[in-house]
Amino acid sequence: MSALTRRRLLGQGALVVAFSLSRRAMGQVMEKRPTLPGDLDKFPLLDSWIRIDAEGHITVFTGKAELGQGLRTALIQVAADELAVLPTSIELVTADTAHTPDEGVTAGSHSMQDSGTAILNAAANVRALLTEAAAWRWLVAVEEVELHDGAAHAPNGDSLGYGELATLLSLHVEAKPDVARREKGVRLIGTNLPRVDIPAKVTGGVAYVQDMRLPGMLHARVVRGPSEGTRLRPTDFDAVARMPGVVQVVREGGFTAVLATQEWQAIKALQRLQSAGWDRPGTKLPAEDMREAIRRLPSQEVPIFDYPGPPAPTDGKVVKARYSRPCLMHGSIGPSCAVALWENDGVTVWTHSQGVYPLRKSLAELLRLPAGKVRCIHTEGSGCYGHNGADDVAADAALAARAVPGRPVRLQWMREQEHGWEPLGSAMVVELEATLADDRIAGWRHDVWSNAHNGRPATAGGLLAGAEVDPPFPRQIPKPIPMPEGGGHRNGNPLYALPNAKGIYHFIEQAPVRVSALRGLGAHMNVFAIECFMDELAKSAGADPLAFRLAHMTDARAREIMQTAADRFGWASRGKGGDGRGCGFAFARYKNLAAYCAVAMEVAVDRASGDIKISRVVAAVDSGEAVNPDGIRNQIEGGIVQSLSWTIHEAVAFDATHRSSFDWSAYPIVRFDAVPATVEVHVIDRPGQPFLGTGEAAQGPAAAALANAVTNAVALRVRDMPLTPEKVKAVLRS
Amino acid sequence: MITLTVNGVSHQVDATPDTPLLYALRNDLALNGAKFGCGLGQCGACTVLVDDKPAFSCLLPIAALAERKVRTIESLGTREKPGALPAAFEAEQAAQCGYCIAGMIMRAQALLERNIRPTEAELRAHMAPNLCRCGTHMRILRAVRRAATAMGGGVRNGAEDAL
Amino acid sequence: MTKRTLLLGSAIGLAAVLLAAFAVSWQPAWPALANPSATFDPAIVAQGEKLAHLGNCAGCHTAQGGRPFAGGRPLETPFGTVFTTNITSDPETGIGRWSRKAFVRALREGVARNGDLLYPAFPYDHFTHASDPDIDALYAFLMTRPAVQARAPVNRLKEPFGFRPLLAGWNLLFLHKGPLVDDPGQSAEWNRGRALAEGLAHCGGCHTPRNELGAERSDHAYDGAWTEGWYAPPLNTSSPAVRPWTTDALFAYLRTGLSATHAAAAGPMGSVTRGLAQASEDDVRAIAVYFASLMAHAPAAQGSPPADKGNVTDAAHPEAAALFAGACATCHAAGAPMMQEGRPSLAWGTPLHEDTPNDTIQIIMHGLAPPAGRSGPTMPAYGDSFSDRQLADITAYLRARYTDKPPWPDVPGAVAQVRKGGSE
């Protein structure tokens, strides 16, 4: 129990005194602490989040990571705003198993909701404590103390820096709920504070794990077949070990890596090792399209939602449709990379993994170390958009580095290794059936089939190397992510007020290919299906697509977002479409818990070639209180363009033995000559409202708006992504 | 030892002649700008200028360079005093993860040095060899337009041009 | 016979010849369609679309950056530049007012609707062999293309080739009208293949050498020829390919632009194979059957393909070897991931085995790219990466490493030539 101080007596009164006198007597009362906001609840001690040293230097800790989504900047804004300091006064330490709270994985658009909220409230607590300390020091009322510019100011002009104040208090205390936010003074939250990481990125500064250079560092390459399920044939390892610059060929069971003093030497050694050819030892891949193949496998029915309502009238009009998507690739532009260093019987790994804590646990198991001997430090990589090769390469680097204790090892995947081995976004099928009565939806049924959307390593068996070492670790068995978040069934529950509506997720555990989380998880497919289907129902009811949606939506913020996007687009005055030109609309609230996003789009379809050109995209987004509106716009713009690439161009290709999408030539993504002419994003700011996760909110609506616009342009609908020129032409011809 | 002229300075690099320029830049000269994205000439993350033309440094062996002048993003100013393109990218916040951006800037630099008044269609066609996976394309285009204007020119816009 | 009689006789003879030539060269104009909006059976239109892809009509009849079939593309010939015409259904500037009869005459006889003789840059000497149903289907397809208003630029021909009636003489000598007669000793598929190859696909247009009058030399059919800066190799027993062009190999190449036992389609064959990818599969296979039979006994493909002499060549050409290792090996070395995808060794591709280094240099200088957004064999362009001398060194190195043939003479000269000539 911390020392009884005058601050405590003044600030918290008799109850605190009682606590300090008899903790045990009050034990039962103390257990039932009220819920704290965000992840503060899991880590209630303030100094888990914020520390101030005697010089006034402020360090803020977050268990989340900068992925290029601007999180670092947003969290700095939140902390600086609440602590009334300049952003440059804040040092933000991100996900590091040695220093930061375990906030799980930076995923699911949870960072602002969980970490941002925690830091906001922790900072408010700290500000309150600083204010109280100053008040006690000056013997004035708390209300008379003002905090700004990194110091407390007394009515008579005296000031005390945060450093001095910090020596008067302890932050190793639990946060209190309901501490008021700062009211007076200049705001940072809600401004477009420029991203703190961009200056280095545009001037050649060190910015990524790929840029790390440690003394004595060796370069490594892992040696595998071309894609998951394949294995390289053994070759003359000794000859490779004698190549110039090669320090060692590391072999542990089936795991092979080559270490060299220069990076190019490691690459040449890899080439030599790959020249022996490869085999696929296990089962062949299915002959048919993956989305059909998985439906033949056993599935487990998981309920998504069940909205009550009277049964639909039997004379209602029944509309059915089936939608689908292929496997999709993350396709991170920079192949995954990690740096590992063994020292003092333990290992430090610099990694761009989205989850340093689960990674640490998995590595500890793989390397047979206690967790305390493994440190994972998040260091930025290129955009990952979910579970890519980052965790696997961390394991590869750790294993390679174990052979050379004391020397840092930098291991980077080759492009083809990232394409070939990264976990994919699952192929999916959605079947929808609805009944219309009096032009309103009277019944609705949603069925979605998918493999898992989470294969993130929680154990060594979730890492590629885990299956290669001898003895191998048991494969991780995926489980469906429960609602309300959901995996393949994410956003399967429409936000519309639908009576008599039910949804079932047919979770297919057995996956012919390696699958895991890709931005949005099931939302891309489910929102695509639901929003295309709403258009099909609207057409059947003879209604305008926007009016039809509004007629079924009671959520006020959803209505406002839809109307905003439509108004900014000029939906009411758009042409009726046809002859190759058309407009489309779509909406979703990510997970029905996070940001609201509506997208309107205008396209031109070349009937001869099937090419789609997007002339205009207008989106509106409601992320609650907007910490950094430009950051929100950036994420939505990016999500729109990325989703358009998925939806129009992308499908991972396989043959019986491996993934044939081995590089960008075999898996083309959108380039500058095919991006929209213009994209506008309008942010509705709601100060005081909870932060809502935004990073994945655009994937579904952009995809559906595109398909709806194409349908408006050519009067025929493509329901199976991607909407390639060949597919569009085929539908036009049928 | 191979001599390389990078950003106006002559360097002696102790690497084999077949070493692609990318690795010499990053590992021997500790220049971070050019990045490994694919090593195949398909993504442009490694783009630098060689005698004023954009080149994939991942596929350019240092033995091929001889006296030719290599320029990387580090030649376009510093954090404190960024050149027109880096400043424009910062002003437009034209980055998400940012991994492709150094390559984008060098690619754009080659265009603006050659033609300060490209059309929108020329700009998009010129940038096409460089990939961005985050979908930052719209901001990248805005940044290049902004830099062109700052350099005394400007991108000629036209709705038909863009398509 | 007196001198006077001779003179008179010659004059009368010349007049007769001129009269005959005039008679032949003068062609009537067919009447314009009054109401050019006939409807066509969608199945026939679909067939016609496939045939248009097979004949690659859009390849010539589309200008760079222009609308499909609207013409305006310059074709360089030894006689000057001919611009392709607008064959969309536009009534004023396209063929919208052409009757079926007029269309047939154009394809079979090289005569425009208004009676003008057409330049054989439009290969009617091949199209004349197309069957009636095929021509009908093509007509249905073209007449249902959206009308585009576009007038081709005026041809820029050297004198006297601008005078169209001269073409009558050319036709007399070189045009053999009408469909071919089937060879009863061959299968129906082979005959269909030949009809297409000689007809709509007009393969000889690039692969058969021409005489001084610009006509294909029928005594040298498919002996190889130059077109647009590329050498189209022989498609008969003179084929330099070191691996057999079986029907399956040829079908894969024509249909996908890539043969696992040869190489990727480059230069003008890129456009051709992209068209064949959308033609009727049976038709493409038939063409493959035909040419596989012509090349069946090509001596070059009889032995085993040459080995990769990497170590030996590297020692002899250290500078080129370094360039190859840094610029090419990432894709082309035996252990490279691209090679693990079943891509062919450089030793198997035809360009290195041709008598000219031209095609090898073209590919290295300009690379390969599928159409925007599509997947397919891809290679970056090295024209700006390497100096002329370095390009020549690499070219010579490849020849030494991957073939058993003697070095090409004057590779630097060939590099300079390709630099001057521009791209595909």
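**From the interface to the interior**

Together, chain A and chain B bury about 5200 Å², and carbon and sulfur atoms carry 55% of that area. The model is predicted. Chain A brings 67 residues to the contact, and chain B brings 55 residues. Six salt bridges are counted between chain A and chain B. One salt bridge joins the side chains of A:K268 and B:D18, at 2.7 Å from N to O.

Now turn to chain C. Helix α4 of chain C covers residues 100-109, and it is largely enclosed by the rest of the structure because seven of its 10 residues are buried. Buried here means under 20% relative accessible area. The buried residues of α4(C) are C:A102, C:F103, C:V104, C:R105, C:A106, C:L107 and C:R108. What do they pack against? The partners are α5 (124-127) and α6 (132-143) of chain C. After α4(C) comes C:G110, with a positive phi near 70°.

The structure has 13 cavities of 30 Å³ or more. The largest cavity holds about 600 Å³. It is lined by 34 residues, and C:H332, C:L346, C:I363, C:L368 and C:M379 are the closest to its centre. Four elements of chain C each give two or more residues to this lining: α14 (318-327), α15 (329-332), α17 (358-366) and α18 (388-402). What classes of residue make up the lining of the largest cavity? There are 25 nonpolar residues, eight polar and one charged.

Key. Residues are numbered from 1 along each chain as its sequence is written. Chains are lettered from A and ligands numbered from 1 in the order in which they are written. This is a predicted model: local features need pLDDT of at least 70, side-chain atom pairs count only at pLDDT 80 or more; totals for chains, interfaces and linings use all residues. Side-chain values use heavy atoms; hydrogens and water are left out. On a 1 Å grid over the protein atoms alone, a cavity is a set of points where a 1.4 Å probe fits but cannot get out, and a pocket is an open set with protein on both sides within 12 Å along at least five of seven lines; lining residues have an atom within 4 Å of a point. Grid points are joined across faces, edges and corners, and a volume is the space filled by probe spheres set on the points. Ala, Val, Leu, Ile, Met, Phe, Trp, Tyr, Cys and Pro count as nonpolar, Asp, Glu, Lys and Arg as charged, and the others, Gly among them, as polar. Buried means under 20% relative accessible area, exposed over 50%, partly exposed in between (1.4 Å probe, protein chains only). Contact means heavy atoms within 4.5 Å. Buried area is the accessible area (1.4 Å probe) that two parts lose on being put together, summed over both. A salt bridge is a side-chain nitrogen of Lys or Arg within 4 Å of a carboxyl oxygen of Asp or Glu.
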